Amino acid sequence: MPRPNRVVIARLLLPAGRDLLDERFEVTEGGLGSSREEVLALVSGADAIVTDPAVPVDDELLDAAGPQLKVVANFAVGFDNIDLEACREREVTVTNTPDALTNATAELAVALTMAAARNTSEAERSMRRGEWTGWDPAAYLGIELSGATIGVVGMGRIGRRYAELMQGFGGEILYTSRSVKEEAEVKLGARKVELDRLLAEADVISLHLPGTPENRHLIDADALAAMKETAILVNTGRGVLVDSDALAEALETGSIWAAGLDVYEGEPDVPERLLKAPRTALLPHIGSATTKSRDEMARLVAANVAAVLDDEPPLTPVDLG
Ligand code: DGY
């Protein structure tokens, strides 16, 4: 009898996907608290590994798994945690979960945009501290989004959906992208511009790019200085896109108005300076955290694992070049 395929979930896969794997494979799960050493030990002999943004997939992990490893299925659309070159060298397939989280993440970006514009995080914290003494005509004055120019940096699936949702505010939509997005131009009236123009003209700048080395600190001190004093920066992409020290400085000095962040460089650590920065809405990487989205992601992870172990093409492979 051939041995059953062994699937290792490095941390956690929701039941919507886990149950599908359990029906067919021998499945082991590390749990959210598993240390790097525990994960390395666990993956030994795995045919498939389920990873997520908190699991670096590198030479060390792939070697620990062994040459029988066929697939790394990432429980996320972003795959900056995975060394693609190392996977290609070993002929390990990599998959991710596009589409499943488009709405959830775009909706959270809208929520952060509105929270930052109206400084709702600070207002709520102050009220919870018992500081509210009654209606105050001068307290917590924010910025209205109606008619605001929306700048979408990266017009992929999530950026496109964010632009569509923000269209309701009635302002112009600018975007950056490697290619012209004709459908967005026709349907949303979106206009492709260079990044420096977008930074200078947009009232809201929302980041929807992957966390590649080339994109690291795309929003640095110079980029922040190019923005309007009333600008709102939103990041639901990856933390590395923003130089957080420069952002904290811009918020402290008022060189931009506000920020709404869901992702951070070096998660789960959040720079102290950002935690204290004014007019800042901060969330702990919950862009895709709706039951619908996470269940769909989990099912897609399981379907990708099953396809590869059945020698079928995976549903959503990552291009290894
Ligand atoms: C992703 O899928 O890349 C998200 O950041 C995870 O929530």
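An oxygen atom of the ligand sits 2.6 Å from an N or O atom in the side chain of His-285. This pair is a polar contact, meaning N or O atoms within 3.5 Å of each other; inside protein, one atom must be able to donate a hydrogen and the other to accept it, and residues adjacent in sequence count only if both atoms are side-chain atoms. The model is predicted, so local features need pLDDT of at least 70 and side-chain atom pairs pLDDT 80 or more, while totals for chains, interfaces and linings use all residues. Residues are numbered from 1 along each chain as its sequence is written, and side-chain values use heavy atoms, without hydrogens and water.

Around the ligand, with a heavy atom within 4 Å of it, are Ala-76, Val-77, Gly-78, Leu-101, Arg-238, His-285, Ser-288 and Arg-294. This shell has three nonpolar, three polar and two charged residues. Here Ala, Val, Leu, Ile, Met, Phe, Trp, Tyr, Cys and Pro count as nonpolar, Asp, Glu, Lys and Arg as charged, and the others, Gly among them, as polar.

Now for the helices, which are DSSP runs of H or I with at least four residues, while strands are runs of E with at least two, numbered from the N terminus. Helix α1 (residues 15-24) packs against helix α13 (residues 291-309) at about 25°, with axes 6 Å apart. Axes are lines fitted to C-alpha atoms over the stretch in contact, and angles between N-to-C directions run from 0 to 180 degrees. That angle makes α1 roughly parallel to α13, a label for angles under 35 degrees.

Lastly, the backbone. The peptide bond from Glu-267 to Pro-268 is cis, with omega near 5°. Asp-99 is not a glycine, yet has a positive phi of about 75°.

Conventions: Angles under 35 degrees count as roughly parallel, over 145 as roughly antiparallel, 65 to 115 as roughly perpendicular and the rest as oblique.
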